[in-house]
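Subject: A structure for you to look through

Dear colleague,

I am passing on the structure below, and I would be glad if you kept it open while you read my notes. Please follow each residue on the model as you go.

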Amino acid sequence: MLTSKGQNKVVVLQSDFGMKDGAVAAMKGVAVSVSSDLKIFDLTHDIPAFNIWEAAYRLEQTSRFWPAGTVFVSVVDPGVGSDRKSIVAKTKSGHFFVTPDNGTLTLVSESLGVEEVRVIDEEKNRLSSSYESHTFHGRDVFAYTAARLAGGVISFQEVGPVLESRLILLPYKKAKWNGQKIVGSVDVLDIQYGNVWSNIPKDMIDEIKVSYGQKVRIKITHKGKVAYNESVTFGKSFSDVPIGETVAYINSLMKFSIGVNMGSFAEKFKIGTGPDWQIEVSR
Amino acid sequence: MLTSKGQNKVVVLQSDFGMKDGAVAAMKGVAVSVSSDLKIFDLTHDIPAFNIWEAAYRLEQTSRFWPAGTVFVSVVDPGVGSDRKSIVAKTKSGHFFVTPDNGTLTLVSESLGVEEVRVIDEEKNRLSSSYESHTFHGRDVFAYTAARLAGGVISFQEVGPVLESRLILLPYKKAKWNGQKIVGSVDVLDIQYGNVWSNIPKDMIDEIKVSYGQKVRIKITHKGKVAYNESVTFGKSFSDVPIGETVAYINSLMKFSIGVNMGSFAEKFKIGTGPDWQIEVSR
Amino acid sequence: MLTSKGQNKVVVLQSDFGMKDGAVAAMKGVAVSVSSDLKIFDLTHDIPAFNIWEAAYRLEQTSRFWPAGTVFVSVVDPGVGSDRKSIVAKTKSGHFFVTPDNGTLTLVSESLGVEEVRVIDEEKNRLSSSYESHTFHGRDVFAYTAARLAGGVISFQEVGPVLESRLILLPYKKAKWNGQKIVGSVDVLDIQYGNVWSNIPKDMIDEIKVSYGQKVRIKITHKGKVAYNESVTFGKSFSDVPIGETVAYINSLMKFSIGVNMGSFAEKFKIGTGPDWQIEVSR
């Protein structure tokens, strides 16, 4: 039972299950039962309940740093038990994503490119004796199928038939130019520190030709109402400004971001995330 | 030094230690020092402090999904340093449980069946140079013994002598019939989503012959006081009712449960857990 | 590509990143990409943001329980992007510590002894294509270098040149005698249970010749103001006193500590930690 060309026995799990109960451990037990030599890691299990966008973002934030052949499992699944499909996507980068087809792959499908998507055939790829349970596909379908795929028990083709429909994607706007201003949105918070991460890529910031130490003009609005409107030092990192001061910088995903050195920008200025939170940047 | 027949080098840790300090990492370090090729996993370390019932429940929820030969360590140990015994139980299913003898095995001893219980001989199975510490048996005794057992350094017989007394069990009532009604209790919450999990097995629900889409009558009382009393749709899963509505269903452990689609039933109706929380179900 | 003499392929990660987003998973992906057969563990990622002292303490609490050759990564790094150095220390015990040079090694450098410290040469030991990111050295420098070292891709010498300056240490007072009294401070809380851990070693307590069951006099002051002043039973463990009562004991690191059986001493008496919290112990 050799590993199929492609898979590398590494499985990375993400969910909104939390770690306070046994849900994640049940998934891992199923995976270890399938193949005892898997290397199983956690991305996070603290995705806010039912928040598919954040699941999509965390995959985008991390998957590119894992080797080709890694099998990701992401279970944020408000539609469990409905007719939403269970799928495995293979990206052009050689990564696999096992997930409900509900928008979780919105970002990685664009950044990594989709090679092929298959629908999990639950006649073959479902934990036996789980047929009467309809609420925990994370354990019975996703972890089980991911372990079989990662461990080489099945090939990607044996997951099931090719998905006929288009992958479900969340609505998502990119940053764009409005005259001399860049207009984007607040994608997500860098939770632990309260930094605000926008969807404005470094390339666009390069075009306004701001150097480290110079100021950029930042305006953040929520449904049109101004939440923040200041000139801020553009730095390489937090320590480029005194403690407690605001700094604009390019984050670890090469996106324009705003933080407070040793403080929380999001908390200080009560900034939230999502398409309703618009951010404008200019010289 | 071969693995004894039975053990599979997999160790699964549970405790009420949390993950904010170094306690769990010290246990893992001891285990890796004993045997560097163990595969070590976490069940959860967020059991509420001293809550032996919840420790028992999480073992019941997950252990059956792990392969035979897996060694579970569960340390919820309010009696550390007292004369409570340190034991290893082997179940008929081939799983091992390393734990204080304080009720932690109440549920798995019944569901998996106990083959034999041995008392840890601390003269042999205790981290050397730990004799002056009396407060961290999780590290000095349980993780150490579990790693020796899982890694095949000792056989199950070498854990220590057979337990002479009966295993300590928590008082625990099963669901029963009262005329046409099933009377059970609220075992635990499905924490992350606020679903209520009862101790009423699917078999009993089958006998009242309710089909998906039909209504069941549910009454929840706390010390006799009515907390909830409604007719609820019986569904396969949450998505069988509109968002925000209540659904009764069979959970992933084949027990009767109640939830709100994309909401928290426990929070909405202020439902708690334990023997004082009674639940009655009928057509 | 053999492992250099010394390293054992075990990597233990600590940070103040939390586990709610993808930061830790990005670090692990980088490490697995470097060397797929590493054994990667978490110490904790819940160090309070920027709290270098607590990072130092958790390393001290756990590293001695891991085998020689283990590579620890600790990233509590308020100075990321500044000119603070990125280092790897090898201790006389044979452990490696990969961390910013900011005081994180204050305690282990004394307890384990430093054999040599090297500065990470970022020309060689930095994730390629990460040069434009200045805010996530945990991923780009520390995890990457640690994985290369642990996996034997580089030797300790190949980390970079020997550190010329002295290791940065946090100011830290030891417990001392004041006549018949021992004067120390509250190092840290045993968070999950609310026990207070002092910096007073068991040796000093041995000298006041208090036996189990006898009383010790304890006075805790905050900036000179008395927070607690009682005679307390000295016990082996919590269960030596009735539930709800206070007990003084020697903790799992052989330090004088105070707790409440099945309760929280720190919460009950509002005790904090740090050099401002002084503790006096006498017969």
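In chain B of this predicted model, six strands form an open sheet with mixed pairing, in the order β2-β1-β3-β5-β4-β6. Here helices (H or I, at least four residues) and strands (E, at least two) are DSSP runs, numbered from the N terminus, and two strands count as paired if DSSP finds at least two bridges between them. In general, the strands of a sheet pair through backbone hydrogen bonds, either parallel or antiparallel. The edge strands of chain B are β2 (39-42) and β6 (114-119), each of which pairs on one side only, and the twist from one strand to the next averages 20 degrees. Such angles run from 0 to 180 degrees between N-to-C directions, with axes that are lines fitted to C-alpha atoms, for helices over the stretch in contact.

Within that sheet, strand β3 (residues 71-75) of chain B runs parallel to strand β5 (residues 96-100) of chain B, and three bridges join them; B:Phe72 stands opposite B:Phe97 in β5(B). Helix α1 (residues 23-34) of chain B packs on the sheet, where it touches β1 (10-15), β2 and β3 of chain B (contact means heavy atoms within 4.5 Å), and its direction makes about 165 degrees with that of β2(B).

Chain C has an open sheet of six strands with the order β2-β1-β3-β5-β4-β6 and mixed pairing, and its edge strands are β2 and β6 (114-119). Three bridges join β3 (residues 71-75) of chain C to β5 (residues 96-100) of chain C, which run parallel, and C:Phe72 is set opposite C:Phe97 in β5(C).

How are the copies related? Chain B can be laid on chain A with an RMSD of 0.0 Å by a turn of 120 degrees and a shift of 0.0 Å along the axis. The two copies are thus related as by a three-fold rotation axis. The superposition is by least squares on the C-alpha atoms of residues with pLDDT of at least 70 in both copies. Of the residues of chain B, B:Lys39 comes closest to the rotation axis, at 5.2 Å (C-alpha).

The largest pocket holds about 1400 Å³ of space, and of the 43 residues that line it, the closest to its centre are A:Asp42, B:Lys28, B:Asp42, C:Lys28 and C:Asp42. A pocket is, on a 1 Å grid over the protein atoms alone, an open set of points where a 1.4 Å probe fits, with protein on both sides within 12 Å along at least five of seven lines, and lining residues have an atom within 4 Å of a point; the volume is the space filled by probe spheres set on the points, which are joined across faces, edges and corners.

As for confidence, chain A averages a pLDDT (the predictor's confidence in each residue, from 0 to 100) of 94, and 98% of its residues score at least 70. The predictor gives the complex an ipTM of 0.93 and a pTM of 0.94.

Residues are numbered from 1 along each chain as its sequence is written, while chains are lettered from A and ligands numbered from 1 in the order in which they are written. Local features need pLDDT of at least 70, side-chain atom pairs count only at pLDDT 80 or more, and totals for chains, interfaces and linings use all residues, while side-chain values use heavy atoms, with hydrogens and water left out.

With best wishes
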